[in-house]
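Hi,

Here is the structure I said I'd pass on to you. Have a look at it first, and then read on for what I found.

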Amino acid sequence: ATPTAPVSVADTLARNPDLSTLNGLVIQAGLADTLRGPGPFTVFAPTNAAFKDVPAKTLDALAHDPAKLKAVLTYHVLPGKIMAADVKNGDATTVQGGKVGLGRAGEFVTVDDAMVQQADIVASNGVVHTVDRVLMPAR
């Protein structure tokens, strides 16, 4: 496979078959254009498997509440470009406004109770890290 030039965070999500659920929700919430914007953004992207762990009624409720869906999705986004090696232990403020706990131990990076699975997927306007859990903001 020939390496492709980085594309926007939104297009990076769209290109990754393991992130198709997230990508669909990003489009539904009207965030794709935002994530094509100048950024930079750091996205902790739950995989399709992560979404399977979310109760169906929770996902259904989000699908019918665009504001809440947008809040959940932006809770996975940090302003700035943070590569895995740059993660500092401590809280970070998300685009949604809530705080997530970041942690790093050697090669392992966590965000709240989610583990980063594939780190440092570089986009033209930031970076994507796939995670194994969907993060839910407290409010």
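**Starting at Asp 112**

Asp 112 is partly exposed, with a relative accessible area of 35%. (Buried is under 20% relative accessible area, exposed is over 50%, and partly exposed is in between, using a 1.4 Å probe and protein chains only.) Its phi is positive, about 50 degrees, although Asp 112 is not a glycine. You'll find Asp 112 in the loop between β5 (108-111) and β6. (Helices are DSSP runs of H or I with at least four residues, strands are runs of E with at least two, and both are numbered from the N terminus.)

Asp 120 has a positive phi too, near 60 degrees, and is likewise not a glycine. Asp 120 sits in strand β6 and is partly exposed, at 32% relative accessible area.

Before you go further, note that this is a predicted model, where local features need pLDDT of at least 70, side-chain atom pairs count only at pLDDT 80 or more, and totals for chains, interfaces and linings use all residues. Residues are numbered from 1 along each chain as its sequence is written, and side-chain values use heavy atoms, with hydrogens and water left out.

**The overall picture**

The chain has 5 helices and 7 strands, and along the sequence they come as α-α-β-α-α-α-β-β-β-β-β-β. The C-alpha atoms fill a box of roughly 35 × 35 × 25 Å along the principal axes. For 139 residues, a compact globule would have a radius of gyration near 14 Å, and the chain agrees, at 14 Å. (That radius is taken over C-alpha atoms, and the globule rule is 2.2 Å times the number of residues to the power 0.38.)

Buried residues account for 45% of the 139. Of the contacts between residues at least 6 apart in sequence, 60% join residues at least 24 apart; contact here means heavy atoms within 4.5 Å.

UniProt, in an unreviewed entry, places the feature "domain: FAS1" at residues 6-135. (Its positions are given in the numbering used here, feature names are shortened, and annotations may be inferred rather than shown by experiment.) That stretch is 29% helix and 31% strand, and its end C-alpha atoms are 26 Å apart.

**The sheet, and β1 in it**

The strands form an open sheet of 7, in the order β2-β1-β7-β6-β5-β4-β3, with mixed pairing. (Two strands pair if DSSP finds at least two bridges between them.) β2 and β3 (90-93) stand at the edges with a single partner strand each, so one side of each has no neighbour in the sheet. Neighbouring strands are turned by 30 degrees against each other on average, direction ignored. (Axes are lines fitted to C-alpha atoms, for helices over the stretch in contact, and angles run from 0 to 180 degrees between N-to-C directions.)

Strand β1 (residues 41-46) has 6 of its 6 residues buried, so the rest of the structure largely encloses it. Phe 41, Val 43 and Ala 45 point one way, while Thr 42, Phe 44 and Pro 46 point the other. β1 pairs with β2 (residues 77-79) in the antiparallel sense over 3 bridges, with Phe 41 partnered by Pro 79. With β7 (residues 126-131), β1 runs parallel, joined by 6 bridges; there, Val 43 partners Val 128, and Ala 45 stands opposite Thr 130.

In the loop between α2 and β1 you'll find Pro 40. A cis peptide bond joins Gly 39 and Pro 40, with omega about 0 degrees.

**What's packed inside**

The largest nonpolar core has 26 residues, and Leu 13, Val 26, Leu 35, Val 43, Leu 73 and Val 128 touch the most other members. (A core is a set of buried Ala, Val, Leu, Ile, Met, Phe, Trp, Tyr and Cys residues joined through side-chain atoms within 4.5 Å.) At least two of its residues come from each of α1 (9-15), α2 (20-28), β1, α3 (48-52), α5 (66-74) and β6 (114-123). Apart from it lies another core of 15 residues, including Tyr 75, Ile 82, Ala 92 and Val 109.

In helix α1, have a look at Thr 12, which is buried at 8% relative accessible area. Beyond residues up to four places away in sequence, Thr 12 touches Val 7, Ile 121, Ala 123 and Val 128. As for α5, its buried residues are Leu 69, Val 72, Leu 73 and Thr 74, and they pack against α2, α4 (56-63) and β2.

Cheers
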